[in-house]
Amino acid sequence: MICCLNWTRHWRLPNRRRQRRTAQKTVLVPAARVRINKTAAAVVVVDEVTLEMLNACTFNTHDLLGFVDDDDSDDTMQGFYVRIAYAWQGTQQYRVYAIEKCMHYPQSYLFRERMITKGLTVSHGKKITPQRLSNVSDEPITEDEMRAWKERMVSSKLVLPTKEALSAKMETRAMLRELMQMASTVTDEVVSPGSIASPGAPGRPVAAAAGGGGNDADDDGEICVGES
């Protein structure tokens, strides 16, 4: 009987330790595999974000140009994404940031042949930083950058966007780009070839319909490219 009790005691304790360790794990799985991976021993984060969808909800510098002269664009821009360069150990790398709102940058800087003071307040996980529009990349987000962004979101205990939320942003960006194209066409027709248009003219018609880099050192020692 003693041997039996000792055997039971030694058999149960390791399992309890394993349960405690397993309960602390967070599992990030695609939405299609939730039924397979969902267990009581792990926290499951449903991942509906694909690289194609994330890039379709991302602004480049041409998109941001339409918001330069708009002072009331926060509601339109919030929830979109930008790809921003930063320096890490002597190399240039990129991160996915979510746009929180527009901000007034304390110093004027050059952005697409214009001197502006418009900036963005962006977030990467729970870290929020001001950024210049000139720090935004025109290249698409890569698979590794998306993975790093998801890992930061999960480690920060933030919820990933749903498929429905991303689909709505995709439609909004498509509409904004169509409006910008229409505004550009109208401007080209109205302005005569011999006249000189205001540098901000092409962006103003779009700014009324839509919404837009502080480059302090990161808490990990990373510094955004373009910091003055």
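Please keep in mind throughout that the model is predicted. The protein has 228 residues, of which 38% count as buried. Its secondary structure comprises 8 helices and 7 strands.

Let us begin on the inside. The largest nonpolar core has 22 residues, and those touching the most other members are F59, L64, M77, V82, F111, L120 and L133. Helix α4 and strands β3, β4 and β5 each supply at least two residues of this core. Strand β4 gives the most, with 7 residues. Apart from this core lies another, made of 13 residues, including V49, L54, A98 and M146.

The protein has 4 aromatic pairs. In one of them, the rings of F59 and F80 have their centres 4.3 Å apart and their planes at 20°; because that angle is under 30 degrees, the pair counts as stacked. F59 sits in the loop between α3 and α4, while F80 sits in the loop between α5 and β3, so their contact ties together parts that are 21 residues apart in sequence. Both F59 and F80 are buried. Ring pairs also bring in F67, giving a cluster of F59, F67 and F80.

Another pair, Y81 with W149, has an edge-to-face arrangement, with 5.5 Å from centre to centre and 75° between the planes. Here Y81 belongs to strand β3 and W149 to helix α6, so the pair ties together parts that are 68 residues apart in sequence. Y81 and W149 are both buried.

R83 lies over the face of Y94, 3.7 Å from the ring centre. R95 is placed over the face of Y86, at 4.8 Å from the ring centre.

Now for the charged pairs. Side chains of opposite charge can pair when their charged atoms come close. The count of salt bridges here is 5. One of them joins D47 and K150, whose closest N and O atoms are 2.7 Å apart. This pair links distant parts of the chain, with D47 in strand β2 and K150 in helix α6, 103 residues apart. D47 and K150 are both buried.

How do the partners in the salt bridge between D69 and R114 sit in the chain? The N to O distance of this bridge is 3.1 Å. D69 is in the loop between α4 and α5 and R114 is in strand β5, so that the bridge links distant parts of the chain, 45 residues apart. D69 counts as partly exposed because its relative accessibility is 23%, whereas R114 counts as buried because its value is 15%, the cut-off for buried being under 20%.

The salt bridge of D144 with R147 has an N to O distance of 2.7 Å. These residues both lie in helix α6, 3 residues apart, which is about one turn of the helix. D144 has 54% relative accessibility and therefore counts as exposed, while R147, at 41%, counts as partly exposed.

Finally, let us look at the strands and turns. Strands β5 and β6 run antiparallel and are joined by 6 bridges. H124 stands opposite K127 in β6. The hairpin of β5 and β6 has 2 residues between the strands, and in it G125 takes a positive phi near 70°.

Which residues have a positive phi although they are not glycines? R112 is one of them, with a phi of about 50°, and K157 is another, with a phi of about 60°. R112 occurs in the loop between β4 and β5, and its relative accessible area of 39% makes it partly exposed. K157 is found in the loop between α6 and α7. With a relative accessibility of 74%, K157 counts as exposed.

Key:
Residues numbered from 1 in each chain as written. Predicted model: local features only at pLDDT ≥ 70, side-chain atom pairs only at ≥ 80, totals over all residues. Heavy atoms only, no water. Helix = DSSP H or I, 4+ residues; strand = E, 2+ residues; numbered from the N terminus. Buried < 20%, exposed > 50% of the residue type's maximum accessible area, 1.4 Å probe, protein only. Pairing = 2+ DSSP bridges. Salt bridge = Lys/Arg side-chain N within 4 Å of Asp/Glu carboxyl O. Core = buried A, V, L, I, M, F, W, Y, C linked by side-chain atoms within 4.5 Å. Phe/Tyr/Trp six-rings, centres within 6.5 Å; stacked < 30°, edge-to-face > 60°. Lys NZ or Arg CZ within 6 Å of the ring centre and 35° of its normal.
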